[in-house]
Amino acid sequence: MRVILSLTAVVLLSGSPLYGACGVERWSVKTGTDPQASLVALGSYVSSTIYNFHQSVRPASLPSNGRVAPRETTQYRLSGTLTKYVRESDSDYHLVINDSSGRTMIIELPASNCVGAGGPFGTGISHARQQFDARFTATTSFKTTSTPVTVKGVGFWDFLHGQTGVAPNGIEVHPVLDITFGSSALSAETSMESEDLIARGASSDEIERAALPDDMVFDDDGGRVRVYRGGDALGDPLFHGGAVVDDPSLHVLFAGDWPVASMRPVTAMARHIDAEASVRDLDRYGVRTFGFRVQAQRLTLPAGEINDLDVQRALLTEVEAGRIQLDPNAVYVVVLDGSFQPMIGQTRDWFSYHSQFHPTEMPMRYVVVRGGLDAAQQQQAMTASVARALINPAGDGWF
């Protein structure tokens, strides 16, 4: 992404099966198509442990198209027990491993069709996927196992957004370039579809996805996002002292076929948000809740069925082209017309949601409002997710 993979058109490796969409955030670093990928010495490795990874100090910033030494410039050999795995909408296999003390971390296997041509990791990425596929079948629902694994792969710092199994500091092995399994699996592979878990008497750890709050869903690259389906926008949020957008402005982005006459009332809705009681009350969290600056423009999205990765790519394109000057105090409100068939993760029954990603080292906070709503629903949906974005911009749902 960025000057990375320009993700409006991902270069595919010939002969690779197409599993779905490819990712966006730090994608060049994840797949080895960034300018510094050659710094990784693939002919050698450092043996490490999950404990050692947990002790690393998280960097203050993460470049979108560059590496943070030494973790992201080193190939590691790491052993643990594979406990969960899933195929995410960005085509990655998301694996959770732990050690004997219960420490967990994520290791990820990208799809080779999502790796740009010429990257040094391409052969290893394809090899690791083949090794995994020969043993397990990853689907869009988490499955559980208890299988010893040893991997080789490159260290990676991910943004924390509620991923299952994430290390406290966000460290991962991504991509995995080689994976082998212990001679004896501790238990057979077990399919754990979310809707069946409780009935099967699964443990609280196994039903993590099924036990999420009603308005929290998993997005398209493994994180948690809150959706708005109607009703009370916030209730009584339990503020944890995290980031807020303290001097907000709203940047309305119209996706689809919007005549100018239809854009005006929606822009007026955005201008009215700071008069809503639910937004006014947010001043107790340090948010300036009056005089929001509002601007509007169009946004190009592919027609038909779209997911959150498509939204991120469209926003990234605007940033890279200079049509959006990224503002840390802005919430970018993407308003869809009724022609789109939007989803986030596997979920379609929502009015709006909010999240953030990093087209640069600076986060981009955004809200998506679906089309086909009447005026009252549209106003409620926009207000609800903007309010949530202001006091929980990462979207991982602490309130």
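User: In what order do the seven strands of the open sheet stand?
Analyst: In this predicted model, local features need pLDDT of at least 70 and side-chain atom pairs count only at pLDDT 80 or more, whereas totals for chains, interfaces and linings use all residues. Residues are numbered from 1 along each chain as its sequence is written, and side-chain values use heavy atoms, with hydrogens and water left out. Strands (DSSP runs of E, at least two residues) and helices (runs of H or I, at least four) are numbered from the N terminus, and two strands pair if DSSP finds at least two bridges between them. The pairing in this open sheet of seven strands is mixed, and their order is β8-β9-β15-β16-β13-β10-β11.

User: Which strands stand at the edges of this sheet?
Analyst: Strands of a sheet pair through backbone hydrogen bonds, either parallel or antiparallel. Each edge strand here has a single partner strand, so one side of it is left without a neighbour in the sheet, and the two strands concerned are β8 (216-218) and β11 (293-299).

User: By what angle are neighbouring strands of this sheet turned against each other on average?
Analyst: Axes are lines fitted to C-alpha atoms, for helices over the stretch in contact, and angles run from 0 to 180 degrees between N-to-C directions. For neighbouring strands of this sheet the direction is ignored, and the average turn is 30°.

User: How many residues of strand β13 are buried?
Analyst: A residue counts as buried under 20% relative accessible area, as exposed over 50% and as partly exposed in between, with a 1.4 Å probe and protein chains only. Ala330, Tyr332, Val334 and Leu336 point one way from β13, Val331, Val333 and Val335 point the other way, and all are buried. Strand β13 (residues 330-336) is thus described as mostly covered, its count of buried residues being seven of seven.

User: Which residue of β16 stands opposite valine 331?
Analyst: β13 and strand β16 (residues 364-369) pair in the parallel sense over five bridges. Within β16, the bridge partner of tyrosine 332 is tyrosine 366. The residue of β16 opposite valine 331 is arginine 365.

User: Which residue of β13 stands opposite phenylalanine 254?
Analyst: Strand β10 (residues 249-255) also pairs with β13 in the parallel sense, over seven bridges. Leucine 250 in that pairing stands opposite valine 331. Phenylalanine 254 has opposite it valine 335.

User: Is β10 enclosed or open, judged by its buried residues?
Analyst: Ser249, His251, Leu253 and Ala255 point one way from β10, while Leu250, Val252 and Phe254 point the other way, and all are buried. The strand also pairs with β11 in the parallel sense over seven bridges, and valine 252 stands opposite alanine 296 in β11. Because seven of the seven residues of β10 are buried, the rest of the structure leaves this strand largely enclosed.

User: At what angle does helix α7 run to β16?
Analyst: Helix α5 lies across β10, β11 and β13, running at about 145° to β11. Helix α7 (residues 308-320) lies across β10, β11, β13, β15 (352-357) and β16, and its angle to β16 is about 130°.

User: How far apart in space are alanine 389 and valine 245?
Analyst: Alanine 389 lies in helix α8 and, at 0% relative accessibility, counts as buried. Leaving aside its neighbours within four places in sequence, alanine 389 is in contact with Val245, Val331, His354 and Val367. Alanine 389 and valine 245 are 144 residues apart in sequence, and their C-alpha to C-alpha separation is 7.8 Å.

Terms used: Contact = heavy atoms within 4.5 Å.
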